[in-house]
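Keep the sequence and the 3D view open as you read.

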Amino acid sequence: STSATNEKTNMLLMSVWSCFFGQDEEDGTEMGEGDEWMQGKTLIKPLDQLDLTEAELKEEFTRILTANNPHAPQNIVRYSFKERSYKPISSVDQLAVHFVLEGNLLHQDSDEARRQRAKQGGEDAGDVEEGGGEERADSVESKAGKKEQKITNQFNFSERASQTLNNPLRERGCQTEPPPRANFSATANQWEIYDVYLEVLQKQEKNKEKAKAVPKKDDDKGKKKMMLVETQSDDITKVAKVAKIIERMVNQNTFDDIAQDFKYFEDASDEYREQEGTLLPLWKFQYDKAKRLSVTALCWNESYKDLFAVGLGSYDFTKQGRGMLVFYSLKNSTFPEYIYPTTSGILCLDIHKHLPYLVAVGFYDGCVAVYNLKEETLQPIYKSTAKSGKHTDPVWQVKWQKDDMDNNHNFFSVSSDGRVVSWTLVKNELVFTDIIKLSLAGAVSEGPEGVQLPIMACGTSFDFHKQIDYLFLVGTEEGKIHKCSKAYSSQFLETYNAHNMAVDAVKWNHFHTKVFISCSSDWTVKIWDHTIKTPMFTFDLNASVGDVAWSPYSSTVFAAVTTDGKVHTFDLSINKYEAICQQPVVAKKKTKLTHIEFNPVYPIIIVGDDRGYVTSLKLSPNLRKKPKEKKGQELPKGPEVEIAKMEKLLSLLREPENSNA
Amino acid sequence: MSAEVEETLKRIQTHKGVIGTIVVNAEGNTTLITSTKVDYAGLLHQLTMKARSTVRDLDPQNDLTFLRIRSKKHEIMVAPDKEYLLIVIQNPSE
């Protein structure tokens, strides 16, 4: 059937072609059936037409009409990555678009339509509503003001819902340990702030020192050891200072009345006693281990007015043994502040005027030593040895001098071997210099090989002039007093035939530059003017006089102690011939008093005896009299008064002498 | 050093009229007691701190040396230190 229809279509086609192009050949074969209107024309053969036979002309050619697009390419090749080669595409799109016209109709539910409606709605709202009107009432109304209702399909609408899996909620918490808490409270006082500042300052200073001392590494080890030791003995030693304070307080309580007396008591009865005065006993100082020893030296400390030194030893030639250096404070009478036991008995001591921690001590065995109270050791920091010029006989007196030109400390000592020696503290050594040798004038002895040796006098005491530095007095065992100068080593400036027995003490007056006093075992105390060879005053005390001392507050007051246990106090301005106070101060009658010293500030004296006790006594007002001021005249102050007082006395004495002479 | 200090403390304890001795450290613990009354430590510690604070407030360069409390029966003496407090109770009239 297709071929038949094809024939017909071919005929149609041919007839049409022949009309237009004049093709006859094919028409000729098929003409008989349908081309009536074409017969009128004659067939013209084109020149290049094929000549075909009739068999060939009748051959049926089948033509198939397909919907294939003739323009579609049929040999499209695409690269296939899977096969890694170009492969022809089997199916090709056959759609041929001939004409496209895009319309301008919008669906009323689409977004664009709504937008446009909204635009129009603003302009002519009424129109829209009216226009909406009858036909499309439902749909327009539903859009105009109300919310859209879901228009469900009547036919096959089914509501479907699904529930998603809700993840279960989980609560996760975390708890940490709370930070440790501590309660802190503090006060911010002025002094707390001050303390902190001080600490910072100290740290800064330490850092500075460290920066300077960095190269010294050897000290570190030593420091470490020190640190360890400190921590071990921490507990007890920290209480040391406090314990001392408490001890003093306890003592103060126990001896409260004495302390009150010391400070405030003034003997009122002195007003009724014309000239006499009394001594009020205050504290008694004793140390257990010093019971057998006698007090051989006393010295007040110039800087710490309540501190005094006691030298203990023995005057007895046969009973020589150990000695002790003991320091007491008035604040604590039961126990000494410092204790230094020594191998040999001490005979004399002196505390440096400006350096209260340096003490020079002279021993019975001829040594001299210097103690430093600041040091912890019980040993002296310097000690003279046989090599370094120690005395061969007991040292009876030591005295500090002013620092020499090299700023070294130095002191003098006098001994029975007849030498007055100056000792200088040079670094670690004690360097000695013989100042003078006391030789008995004219006396010589025969030494070995006929050499004549001068016999040395035995020095028993000396004293340096307060103002004239080089001038000093030496008392000897023979009873002579020599006035010497540091400059002349062999000659005396003057010699006084003072006493018949050894001169136990010789002391310059604190105020009057010419006056000195001496005492001796020959029971006498004599006052001299150094320009005159004979004594100004002589006092006989009925017993061997151990020591004599001028008072620091008056040029005419002095006190002496005797072996019968009495203290004799004199005031020359009141009574030139007698003591204004003669008082036994020790309980047992056989106790001999050995030394006496006035306190530089307080009106008390300390007296040492041969049983190792030191008694302190307060001077009653009568003993401390100052010259009365004349009416209307200001009381002249200072040493000039004292000097004048003394001078007056001396002048009185001199006049009769002059007149006599 | 420590021997000396111990000796001093012994002397204080055996001194005439002394009833008791207490050493208190900075936290208030007692380390040496020779008396039956321990409550002294805490109370006196506070009082001493207050006294010291007063003294130093008046002048920061100053410091408390000791404190005496005299009562009818006896006298309490407190000497403070940087770390320690030494308390001595004495009957002064004996």
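Which residues is Arg56(B) in contact with, leaving aside its neighbours within four places in sequence? They are Trp191(A), Tyr194(A), Asp195(A), Asn62(B) and Asp63(B), where contact means heavy atoms within 4.5 Å. Before going on, please note that this is a predicted model, in which local features need pLDDT of at least 70 and side-chain atom pairs count only at pLDDT 80 or more, while totals for chains, interfaces and linings use all residues. Residues are numbered from 1 along each chain as its sequence is written, chains are lettered from A and ligands numbered from 1 in the order in which they are written, and side-chain values use heavy atoms, with hydrogens and water left out.

Back to Arg56(B), which sits in helix α2 of chain B; helices (H or I, at least four residues) and strands (E, at least two) are DSSP runs, numbered from the N terminus. Arg56(B) has a relative accessible area of 8% and is therefore buried. On this scale buried means under 20% relative accessible area, exposed over 50%, and partly exposed in between, using a 1.4 Å probe and protein chains only. One of its contacts, Asp195(A), is also its partner in a salt bridge, with the closest N and O atoms 2.6 Å apart. A salt bridge here is a side-chain nitrogen of Lys or Arg within 4 Å of a carboxyl oxygen of Asp or Glu.

That pair leads us to the interface. Between chain B and chain A there are two salt bridges, and 13 residue pairs are in polar contact, both residues being at pLDDT 80 or more. A polar contact is a pair of N or O atoms within 3.5 Å; within protein, one must be able to donate a hydrogen and the other to accept it, and residues adjacent in sequence count only if both atoms are side-chain atoms. On the side of chain B that touches chain A, at least two residues each come from α1 (2-13), α2 (40-58), β3 (67-70), β4 (75-80) and β5 (84-90). Helix α1(B) gives the largest share, eight residues. Sorted by class, this side of chain B has 16 nonpolar, seven polar and 11 charged residues. In this sorting, Ala, Val, Leu, Ile, Met, Phe, Trp, Tyr, Cys and Pro count as nonpolar, Asp, Glu, Lys and Arg as charged, and the others, Gly among them, as polar.

In all, 34 residues from chain B and 25 residues from chain A take part in the contact. The two chains bury about 2,800 Å² between them, 66% of it on carbon and sulfur atoms; buried area is the accessible area (1.4 Å probe) that two parts lose on being put together, summed over both.

Now look at each chain in turn. Chain B has two helices and five strands, arranged along the sequence as α-β-β-α-β-β-β. Of its 94 residues, 47% are buried. Chain A has 12 helices and 32 strands, and buried residues make up 38% of its 661 residues.

Within chain A, find Tyr328(A) in strand β6 (residues 323-329). Tyr328(A) is buried, with a relative accessible area of 2%. A polar atom of its side chain lies 3.2 Å from the backbone oxygen of Gln286(A). Not counting residues up to four places away in sequence, Tyr328(A) touches several others, including Phe285(A), Phe308(A) and Glu337(A).

Glu337(A) is worth a stop as well. Its salt bridge with Lys244(A) has the closest N and O atoms 3.3 Å apart. This pair links distant parts of the chain, 93 residues apart: Lys244(A) is in helix α10 (residues 240-254), and Glu337(A) in the loop between β6 and β7 (338-342). Glu337(A) is buried at 14% relative accessible area, whereas Lys244(A) is partly exposed at 36%. Together with Arg248(A), Lys244(A) and Glu337(A) form a network of salt bridges.

For a pairing within one helix, turn to α4 (residues 111-123) of chain A, where Arg114(A) and Asp111(A) are three residues apart and so separated by about one helical turn. Their side chains meet in a salt bridge of 3.5 Å, N to O.
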